Amino acid sequence: MAASNSTISAFCDDGKFVAVEGAPVPGRIQIHIYELSDDATACKLHFTVGHSAAEGLRKLVFHGSNFLVGLVGTHKTSVVIWDIQRGVMADELEVDDHTFLDLGKHDGAANAATAPSFFALVGDNKNRRILVQEYSGTKCVRKIKTGKWKGTERFPPRLAVSKSIAAVAANDTMYMINTSTGKKLQKYSIPTSNVDIAFCRNSANALVLIPRESGTIMIYHAQSNDEPIKVGSAARNLKFSNVELLAEGDGGPFTLLVDRTILQGGTAAFTTTTTAQTNGYCLLHLRNPKQLLTISKKASKDELVPSVVAIDADTPKVLVLSETASRTLTDKRKSGVQLSVLGPGQAGTDATLMSSAPKRQKTGDAPEAAAEGMSISEKLKQLNQHLDLEDEETDKKLATAGSSTTFNPKKATASSLKQLLSQALTANDSNLLEVAFTVRDTDVVENTLKELVDSQISQLIDHLTTRIAANPMRADALSGWLSVTLTTGRFEHQQLVVLQNLLSDRVDSLSDLIRLEGRLSIYIN
C-alpha cells in the first residue's frame, strides 16, 4: 500500500486487520498488526511480529486473515511469512540467483488456514528473465515468463494480481497475463516504467496505472482492447503513497485513492472529490466507493484511532486532519460545509469528530516513537507497570475460569486434567487453558497427554506457541508443558518450524539485552 520511502502498511480484504511497519531498529524489522471492529470505529493491537533483516521492508500483503507476507531487502531479497493468528514468523523464502521484485496477493482460498498462497515477481539473475511465480507457502507451483531482466533497470518492475489475471509493468511495457495458462492477454506501451499499478479491488476488469513522477493517470481494461480511460494528472506525494481503485459496477463509475487524494468518475470526466491534509501519522483506505477509512495515532499514546468518512456531495475539497482540539475541517470550495464522519457505535449516522494525529516523531510514525526521549528509569517504570497489568489480567482469567470449574491444579490427576483440557480445546476456552497450564506436576501432564488424540496435541502446541510469542516472559513457566508436549512426537513439521523461528527471534535479540544489561550495571554502580 505504501512506497518504500514511507511507512509500509496493508489492509486485510475483509477489513479485519491492518498491518503497520514499526519504527526502524538496526538489523530488525517490526510490524504491528491491529484488529479493527466490524464497523471500523475501534482498533486494538493484535500482535507485534518481527524479523532480523539487514535491509528494510518493501511491501506487505495479507492472505485472508491468517497470514501476512512481506517482501524484505533490495540487494539480498527474501519473502517472509507471518502467522498472524499465533503472532509468529512461519517461514522465510530465499532463492539462489533470484531477486524478489514485487508481491501480489492471491485471491484463492486454497490452504488458507495452513499455508498462504501469493504471487511474486522475480528477476532470474542467471537466465536474465522476469518471472511471475505462484507460491503455496514456500513451494513454487507455477512459473510464467514475462520479459527480459538485466538487473540494472533504473526502476523496479511492478506486479498487480486480481483473480486469474496478473499485470506486469517493466521496460516501458505492461502485460496482462492469464495466471492459469500463462497466456499474454494484452500488451500496452507505457510512457515510463516508474509507475504504481493496482487492480480494481471489486472488479478484475479494471487496472489503474499511476506515474510516480509526472504524467497521466490511466485506467486500463484487463480483458478487452478498449481504449484506456484518461483520469488526468495528479501531483504525487510519495511520502504518503496509496493507490486504491473501487468500482460501483463492473465498468464503473470508479472511486480512486491516489496518495491522499480521492478522484471519482466514469468513462471520462474524473473530478477531485477531496484531498486529506495532515502533518501527523495517518493511514487512508477505501472501505467501499462511498466510505473512506482514516487511521490516526492518538496524541501522546500508542493507540491508533480509526474514523469512517462519508464520500458524498458534501465532502469538502480539503479535509484537514488537525491536531488541535477543534479538529478543523476546511472547504476551499464551499464555506460552512462539514464532513460526515461515522463515530464509534454510530455507523450510518452523522457526526463531526475527526481523529487527532500527533506531530511526527523524528524516528518515524510508528507507535514506538512515543517512547523516544524517555529516560531509562521511566522506561523501566513503564515496563513494570505493563507487567503488573499483565499479571492482573492473568489473575482475572484464572479467577473467572476458577468460578466455572471445580478443578484444583494442586490435586490434579491425569483423568481430571484430561477432562479440563478436552473441554478447553473443544470450546477454545482461553481461561480454562490458563487453569490447566498452572499444573506443574510433569508426571501428571505426561500421563494426561498420552490420553489425548493427535489433533488435541497439535492444538495444544499452537496455544503454547501463541502465548510465548505474545509474552516471551512466560517461556519459563510454560517450558515444562512445551517440553512434555513435544516429546510425544505427535505434531506437524510446520509447528516445529514456527517454534524454531520464534526461538531464533529471541536469540537474535540476546546481544542487545546483554548490551542493555551492561549499561544498566554502569548506571547502577
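The model is a predicted one. Burial applies to both faces of strand 6: Phe-67, Val-69 and Leu-71 are buried on one side, and Leu-68, Gly-70 and Val-72 are buried on the other.

Strand 5 (residues 57-63) runs antiparallel to strand 6 and is joined to it by six bridges. Within this pairing, Lys-59 has Leu-71 of strand 6 as its bridge partner. Three residues lie between the strands in the hairpin of strand 5 and strand 6, where Gly-64 has a positive phi near 60 degrees.

Strand 6 also pairs with strand 7 (residues 78-83), again in the antiparallel sense and over six bridges. Here Phe-67 is placed opposite Asp-83 of strand 7. The hairpin of strand 6 and strand 7 has five residues between the strands, and Gly-73 in that hairpin takes a positive phi near 90 degrees.

Leu-93 belongs to strand 8 (residues 88-93). Its relative accessible area is 7%, and because the limit for a buried residue is under 20%, Leu-93 counts as buried.

Apart from neighbours within four places in sequence, the residues in contact with Leu-93 are Ser-78, Val-79, Phe-100, Phe-118, Tyr-135 and Thr-138. Thr-77 is 16 residues from Leu-93 in sequence, and the C-alpha to C-alpha separation of the pair is 9.0 Å.

Four strands make up an open sheet with antiparallel pairing, in the order 13-14-15-16. The edges are strand 13 (158-162) and strand 16 (184-189); each has a single partner strand, so one side of each lacks a neighbour in the sheet. From one strand to the next, the twist averages 15 degrees.

Ala-160 is located opposite Ala-167 of strand 14.

## Whole-protein figures

The protein contains eight helices and 29 strands. Of its 525 residues, 48% are buried. The accessible surface is about 25,200 Å², and carbon and sulfur atoms account for 50% of that surface.

For contacts between residues at least 6 apart in sequence, 50% connect residues at least 24 apart.

How values were computed. Residues numbered from 1 in each chain as written. Predicted model: local features only at pLDDT ≥ 70, side-chain atom pairs only at ≥ 80, totals over all residues. Heavy atoms only, no water. Helix = DSSP H or I, 4+ residues; strand = E, 2+ residues; numbered from the N terminus. Buried < 20%, exposed > 50% of the residue type's maximum accessible area, 1.4 Å probe, protein only. Contact = heavy atoms within 4.5 Å. Areas by Shrake-Rupley, 256 points an atom, 1.4 Å probe, with all protein chains shown as cover. Pairing = 2+ DSSP bridges. Axes fitted to C-alpha atoms, helices over the stretch in contact; angles between N-to-C directions.
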